[in-house]
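User: Could you walk me through this one? I'd like the fold first, then the packing, then a few individual residues.

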Amino acid sequence: MITDKAQYLKNWHKKRMAADPIEYKLDIMVRGAKNRARVKKLKFNLDVPYVRTIAKTYCPYFPEIALMYKTDKRKGWNLSSPSLDRIIPGSGYVKGNVEIISMKANLIKSSAASRDLYRVADRLYEFERDSEVLSILPSESLDEYKQRVGYYNPTNLVGYSYTRFLRFVNNKILRGLK
């Protein structure tokens, strides 16, 4: 018999995680959303069976990112972690107004207005058009392109904070300008 409550809860969470990691992750996401809705005084009517129906294997914004519902021994999140996103933030966590996307997409959406995102995309497009650094050349394969531009993906950015991630991307772009 375990008398220490913290140890008991730790073991309980481990057992739930081992039994069904996806169900466990979805339950944690729903509980977190319920708490955020209470704090922000937003509407909430989600449950785990509904969230399971909208769960996806890949991020809708970045189809190359497979959402990682199972966690390894690392705690916390990474850029490919699933995140419950409100499509229209003011409408709250209600059925039909949420989707599961990658943490990378959620961080981008939450840190900028759509006008800002268009400005960044326009600037990147101008940069790609003016220099062939980030454009794939007709004669090269995708692997050659990734090697030439120092391609990165969410799995090799695990453990980066959002600020460090932005600095990393910025440095990649600046290196291309030189």
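User: How many helices and strands are there in the protein?
Analyst: There are seven helices and two strands in the protein, where helices (H or I, at least four residues) and strands (E, at least two) are DSSP runs numbered from the N terminus. Along the sequence they follow the pattern α-α-α-β-β-α-α-α-α. This is a predicted model, in which local features need pLDDT of at least 70 and side-chain atom pairs count only at pLDDT 80 or more, while totals for chains, interfaces and linings use all residues. Residues are numbered from 1 along each chain as its sequence is written, and side-chain values use heavy atoms, with hydrogens and water left out.

User: What share of the residues is buried?
Analyst: Of the 178 residues, 30% count as buried; buried means under 20% relative accessible area, exposed over 50% and partly exposed in between, with a 1.4 Å probe and protein chains only. The protein exposes about 12400 Å², of which carbon and sulfur atoms supply 55%, the areas coming from the Shrake-Rupley method with a 1.4 Å probe and, for residues, only the protein chains shown counting as cover.

User: And the largest nonpolar core, which residues have the most contacts inside it?
Analyst: Leu84 and Ile100 do, in a core of 21 residues. A nonpolar core here is a set of buried Ala, Val, Leu, Ile, Met, Phe, Trp, Tyr and Cys residues joined through side-chain atoms within 4.5 Å. Helix 2 (21-40), helix 3 (48-54) and strand 2 (98-102) each give two or more residues to this core, and the largest share, five residues, comes from helix 2.

User: What does Leu84 touch?
Analyst: Leaving aside neighbours within four places in sequence, Leu84 is in contact (heavy atoms within 4.5 Å) with Met29, Ala33, Leu46, Tyr93, Val98, Glu99, Ile100 and Asn106.

User: Switching to helix packing, at what angle do helix 1 and helix 2 pack?
Analyst: Helix 1 (residues 5-19) and helix 2 pack at about 125°, with their axes 5 Å apart; the axes are lines fitted to C-alpha atoms, for helices over the stretch in contact, and angles run from 0 to 180 degrees between N-to-C directions. The two helices are therefore oblique to each other, since angles under 35 degrees count as roughly parallel, over 145 as roughly antiparallel, 65 to 115 as roughly perpendicular and the rest as oblique.

User: Which residues make that contact?
Analyst: Helix 1 contributes Trp12, His13, Arg16, Met17, Ala18 and Ala19, and helix 2 contributes Pro21, Tyr24, Asp27 and Arg31.

User: Is Asp27 buried or exposed?
Analyst: Asp27 is buried, at a relative accessible area of 12%, and, not counting residues up to four places away in sequence, Asp27 touches Arg16 and Val48.

User: Now the loops: where is Lys41, and what is its phi?
Analyst: Lys41 lies in the loop between helix 2 and helix 3 and counts as exposed at 74% relative accessibility. Its phi is near 60°, a positive value in a residue other than glycine.

User: Where is Ile87 found?
Analyst: Ile87 is in the loop between strand 1 (82-86) and strand 2, and is partly exposed, with a relative accessible area of 42%. The C-alpha atoms of Ile87 and Val98 are separated by 5.6 Å, although these residues are eleven residues apart along the chain.
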